[in-house]
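Visitor: Hi! Could you walk me through this one? I'd like the ground rules as we go.

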Amino acid sequence: RVPGVHLLLATPSDAGTVLARAGELNVADRVHWLGFSKQVQQWMASADIFLFPTPHDPFALVVTEAMACGLPVVTTRRAGAADLMAHGETGWLVDDPCDIEGMSEGVRILVEDEALRQRMGRAGRAVAEKRTWDAVAEETMRVYREMLKNGYNGRLN
């Protein structure tokens, strides 16, 4: 629990478990269930930090979208977008998705240190700005060319 922090949840997943747990922890008044929303940019614009406690995600665009919005991101190293982040510089990373204390610590530090929050948000935005569709396509083509150069024959085995 981080004093004064409100959590906005934008997901089509069922709210029951999360809201019940928030009630048990006496923080239900600070957990706001938005459900599915097509106005994610609106919610990001009103946020100070983006928390993405994923156990696994190959590459969630929402993380780079948050970075592009200048939000410091707290997530796990199992998020594909974590490859774009340097812990403490362009994001806050925890190794274990069950490490609630580590994620809370990241949120707490960012809440308490506005200068760090701003600096990390700007640094994350700079990283995201380089990830244009053209840049990603060129990087993908570079990987394909390298595979072909090294004799890849279309088989994984």
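Guide: Happy to. One definition to begin with: helices (H or I, at least four residues) and strands (E, at least two) are DSSP runs, numbered from the N terminus. This is a predicted model, where local features need pLDDT of at least 70, side-chain atom pairs count only at pLDDT 80 or more, and totals for chains, interfaces and linings use all residues. Residues are numbered from 1 along each chain as its sequence is written, and side-chain values use heavy atoms, with hydrogens and water left out.

Visitor: Great. How many helices and strands are in the protein chain?

Guide: The protein chain has six helices and five strands. Read from the N terminus, the order is β-α-β-α-β-α-β-β-α-α-α.

Visitor: And what does the C-alpha trace span along its principal axes?

Guide: About 60 × 35 × 30 Å. As for burial, 32% of the 157 residues of the protein chain count as buried. Buried means under 20% relative accessible area, exposed means over 50%, and partly exposed is in between (1.4 Å probe, protein chains only).

Visitor: Let's do electrostatics. How many salt bridges does the structure hold?

Guide: Five. A salt bridge here is a side-chain nitrogen of Lys or Arg within 4 Å of a carboxyl oxygen of Asp or Glu. One of them joins E24 and R21, at 3.0 Å from N to O.

Visitor: Where do E24 and R21 lie?

Guide: Both are in helix α1 (residues 16–24), three residues apart, which is about one turn of the helix. E24 counts as exposed because its relative accessibility is 55%, while R21, with a relative accessible area of 46%, is partly exposed.

Visitor: Which residue forms a salt bridge with E129?

Guide: That's R125, and the closest N and O atoms are 3.0 Å apart. E129 and R125 both sit in helix α5, four residues apart, about one turn of the helix. R125 has 39% relative accessibility, so it counts as partly exposed.

Visitor: What about R145, which residue does it pair with in a salt bridge?

Guide: R145 pairs with E138, with 3.2 Å between the closest N and O atoms. R145 is partly exposed at 46% relative accessibility, and E138 is partly exposed at 38%.

Visitor: Switching to surface patches. Which residues form the negative one?

Guide: D48, E112, D113 and E114. Patches are made of residues with over 30% relative accessible area and no salt bridge; like charges are joined within 9 Å, and nonpolar side chains (Val, Leu, Ile, Met, Phe, Trp, Tyr) within 5 Å. Asp and Glu count as negative and Lys and Arg as positive, while His and the chain ends are not counted. The place of a charge is taken as NZ of Lys, CZ of Arg, CG of Asp or CD of Glu.

Visitor: Where does D113 lie?

Guide: In the loop between α4 (100–112) and α5 (114–129). D113 has a relative accessible area of 31%, so it is partly exposed.

Visitor: Now the nonpolar patch: which residues form it?

Guide: M141, V143, Y144, M147, L148 and Y152, with about 560 Å² of accessible area together. Those areas come from the Shrake-Rupley method with a 1.4 Å probe; for residues, only the protein chains shown count as cover. Y152 is in the segment after α6, and Y152 is partly exposed, given its relative accessible area of 33%.

Visitor: What span should helix α6 have?

Guide: Helix α6 covers residues 133–149, and at 1.5 Å a residue its 17 residues should span 24 Å. The expected span is 1.5 Å times one less than the number of residues. The end C-alpha atoms of α6 are 24 Å apart, which agrees. After α6 comes G151, with a positive phi near 85 degrees.

Visitor: Which residue other than glycine has a positive phi?

Guide: N26 does, with phi near 60 degrees. For context, most residues other than glycine have a negative phi. N26 lies in the loop between α1 and β2 (31–33), and counts as exposed at 65% relative accessibility.
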